[in-house]
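Dear colleague,

I am handing over a structure for you to look at, and below it I have written out what was found in it. Please keep it open while you read, so that you can find each place as it comes up.

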Amino acid sequence: MVVTGKDSEYGPAGTWGAGLLAPEGAEITRRLHEVTRRLGEVQEAIGRVIVGQQEVVHQVLIALLAGGHVLLEGIPGLGKTVLVRTIGQVMGLTFRRIQFTPDLMPADITGTVVFEERGSGGPFRFVPGPVFANIVLADEINRATPKTQSALLEAMQERTVTVGGTSYPLPNPFFVLATQNPLEMEGTYPLPEAQLDRFLFKVNVPYPTAEELAVIAARTTGAVEPLVPALLEPHELLEWLGLVRHVVVVEDIMNYAVRLVLATQPENPHAPERVRRFIRYGSSPRGLQALILGARAEALRDGRPQVVYRDVQRVAPAALRHRLILGFEAAAEGVTADDLVVEILATVPAIS
């Protein structure tokens, strides 16, 4: 039996995808509650190191639960690197950090073939690069040249690396969490739209409050450094990644997500007036995939077998903001992608 919903929050009966098969409803409920409990423990453990930023942590965890990559944008010193390292520690995943610089070469990321005169397996041996980890932090990704940035494209999309004509599979699970500074543009190479589109979410990291700043100062300048345990095993996360895709999305909610993506297209006559005025190009189909996967992960995080409208609405800013290409008029009037996503959510009705 496929779990469906008739409540208006869920939309009318009918599903997209197989849904959570429930021959034993009690077992499904137990698994859902277990995921919710475990992820709550993970977020609490991260909070021992990261002060505030609860929404940032939540969005990153949702993206990882959905199996996607994340672009973190914020000024230096907000703890982006510490956040990624802490997530890797808590989830029991291998972690590597790559500092992107203009002189970084593709082989510095993927690895290279070296000659060994006395090698038992032949004269040449592949030495893996730092991309061979469960979580790869691409720090200041926009500081590397496009050639080096493109070395991540195959890894992000195909989960493989090709060196010397041979493809090498990356660890499973595999996530790229990249950071960039929105203020300093000198000496940077802005990410092309094709690469931005490969990030499931773009998460903006806000400046901490006065109270949070005081806690940060006390915690980071004291004699005792907070430690976090490894709470998960990689196989648990892999199980959850499979479970996410079985969360039910009824037809009406799928259509709602489609209407949101279509409303980002300036040539759409039903798009809001400000969208047609300020946006040059709207979201790609990957934006719809990000909405649905993110909404499914939100439902699983809350222990629900089915997506509701608010799940789609909650992930919409992170899923769409980096997929909207704004025109010069938007920059001149100070209109941001987030402003337009908020307007789209306010004007597109949940039920057609």
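In this predicted model, the side chains of Arg314 and Glu298 meet in a salt bridge, with 3.8 Å from N to O; the term stands for a side-chain nitrogen of Lys or Arg within 4 Å of a carboxyl oxygen of Asp or Glu. The pair links distant parts of the chain, since Arg314 lies in helix 13 (residues 309–320) and Glu298, 16 residues apart from it, in helix 12 (residues 285–301). Helices here are DSSP runs of H or I with at least four residues, strands are runs of E with at least two, and both are numbered from the N terminus. Arg314 counts as partly exposed because its relative accessibility is 38%, whereas Glu298 is buried, at 3%; buried means under 20% relative accessible area, exposed over 50%, and partly exposed in between (1.4 Å probe, protein chains only).

A word on how to read the values: residues are numbered from 1 along each chain as its sequence is written, and side-chain values use heavy atoms, leaving out hydrogens and water. As the model is predicted, local features need pLDDT of at least 70 and side-chain atom pairs count only at pLDDT 80 or more, while totals for chains, interfaces and linings use all residues.

Another salt bridge joins the side chains of Asp311 and Arg304, at 2.8 Å from N to O, and here Asp311 is buried with a relative accessible area of 2%, while Arg304 is buried at 11%. Salt bridges that share partners also join Glu34, Arg37, Arg38, Glu41 and Glu236 into one network. Within it, Arg37 and Glu41 meet at 2.6 Å, N to O, and both lie in helix 1 (residues 25–47), four residues apart, which is about one turn of the helix.
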